[in-house]
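The report below concerns a protein model and is intended for a reader new to it. Please consult the sequence and structure as shown here.

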Amino acid sequence: MTAYVLAYIKEKKIWLLLLAGMAAVYLAVAGLYGYDGVVGNMLYAAWISFFFIAVGCLFDFLGFRGRCQKLQEALDGGTQGDYRLPVPKGLVERMYQELLCESVWERHRLVSELDGKQADMADYYTMWIHQVKTPIAALRLLQQRTEEYGEEKGNRRQSAEELFKIEQYAEMALHYARLDSISSDMLLKRYDIGVIIRRAVKKYAVLFIGSGLEFSMGDIACEAVTDEKWLGFVMEQLLANALKYTKEGCIRIYGADSAGNPCGDRAVEYIAVEDTGIGIRAEDLPRIFERGFTGYNGRMDRKSTGIGLYLCRSIMDRLGHTVNVESEEGKGTKVILGFGQEKG
């Protein structure tokens, strides 16, 4: 109680000092003029005024104490968010409360967003662990076959493929973890896109050889301001998907127009990555870039995390490029990358 009284006096001290000053002025003026009985009569009126002022101050103090207690409750239970602020007394208090409410809602939004990201990360890494177990188990089996039967030649190639898959899974997890800070990790320069694509293809050569698929790539004349590492990762993801879902036929990379039609070897702003794989269902196409969406093919494959295309779209957006997909179930898929100045 003492703390509330002292706080109230401190807050109202200007008004109390003004009231005391006014009373002193009236008494001084009355004394100067020397009216008989005036001072006594004024003192009588002053006591009556003091009584009403005291009653008013008492009710005002009780309201002040109530607001302080509610604010203290809000302060003590601020993390639960189940408190109510006192009714604002005046414009200033109302504006302070509005500012506080906005801050609280912003904090709740950030906390919810962080919780969502952590949940997504936990789900992804759980799927990633199950995904990476497959090539690890395959490597262990190949090692046992080599030790028991001495089958080294064929096993060496298969071991290289499985080890490459593990490396790519690890690289995808690393890029996924760095996605939120991609802007600070970019080095934008003008690059020859054809060179970046050829490096990605060379990196995946071990899987292309083992797949038995036909592959063709023309001389792509395309330059753009981009980041070599992140665009290279996008190309690798597209090649990985094409290899994963194409059992026979071919994979082609060529310069294209905005509709994905081949443009020969002349300067282009679009690159198409086309395969003759199993394709994508029409009802799944609108959602293929969503985080965690695997679609019908992903559920049948049981090895998809639904992260690859999400990363591709996120990275391409950050780079100022475009990515679109055309597909027909049972006939194949075409991914069209745009490197023009305008985003579509």
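## A network of salt bridges

Glu-106, Arg-109 and Glu-113 are joined in a network of salt bridges, a salt bridge being a side-chain nitrogen of Lys or Arg within 4 Å of a carboxyl oxygen of Asp or Glu. Helices (H or I, at least four residues) and strands (E, at least two) are DSSP runs, numbered from the N terminus.

Arg-109 is partly exposed at 42% relative accessibility, and Glu-106 is also partly exposed, at 36%. Buried means under 20% relative accessible area, exposed over 50%, and partly exposed in between (1.4 Å probe, protein chains only).

## Basis of the model

The model is predicted: local features need pLDDT of at least 70, side-chain atom pairs count only at pLDDT 80 or more, and totals for chains, interfaces and linings use all residues. Residues are numbered from 1 along each chain as its sequence is written, and side-chain values use heavy atoms, with hydrogens and water left out.

## Salt bridges between separate elements

The structure holds 10 salt bridges. One of them joins Arg-199 and Glu-228, with the closest N and O atoms 1.9 Å apart. Arg-199 belongs to helix H5 (residues 193–203) and Glu-228 to helix H7, so the pair ties together parts that are 29 residues apart in sequence. Glu-228 has a relative accessible area of 28% and is partly exposed.

A further salt bridge forms between the side chains of Arg-252 and Glu-274 (2.9 Å, N to O). This pair links distant parts of the chain, 22 residues apart: strand E4 (residues 250–256) contains Arg-252, and strand E5 (residues 270–275) contains Glu-274. Arg-252 is partly exposed at 31%, as is Glu-274 at 23%.

## The surroundings of Asp-227

Asp-227 lies in the loop between strand E3 (223–226) and helix H7 (228–245). With 3% relative accessibility, Asp-227 counts as buried. A polar atom of the Asp-227 side chain lies 3.2 Å from the backbone nitrogen of Lys-229, and one lies 2.9 Å from the backbone nitrogen of Trp-230.

Leaving aside residues up to four places away in sequence, Asp-227 touches Asp-185, Met-186, Leu-187, Leu-188, Tyr-191 and Leu-319; contact here means heavy atoms within 4.5 Å. Met-186 is 41 residues from Asp-227 along the chain, while their C-alpha atoms are separated by 6.0 Å.

Note on methods
A polar contact is a pair of N or O atoms within 3.5 Å; within protein, one must be able to donate a hydrogen and the other to accept it, and residues adjacent in sequence count only if both atoms are side-chain atoms.
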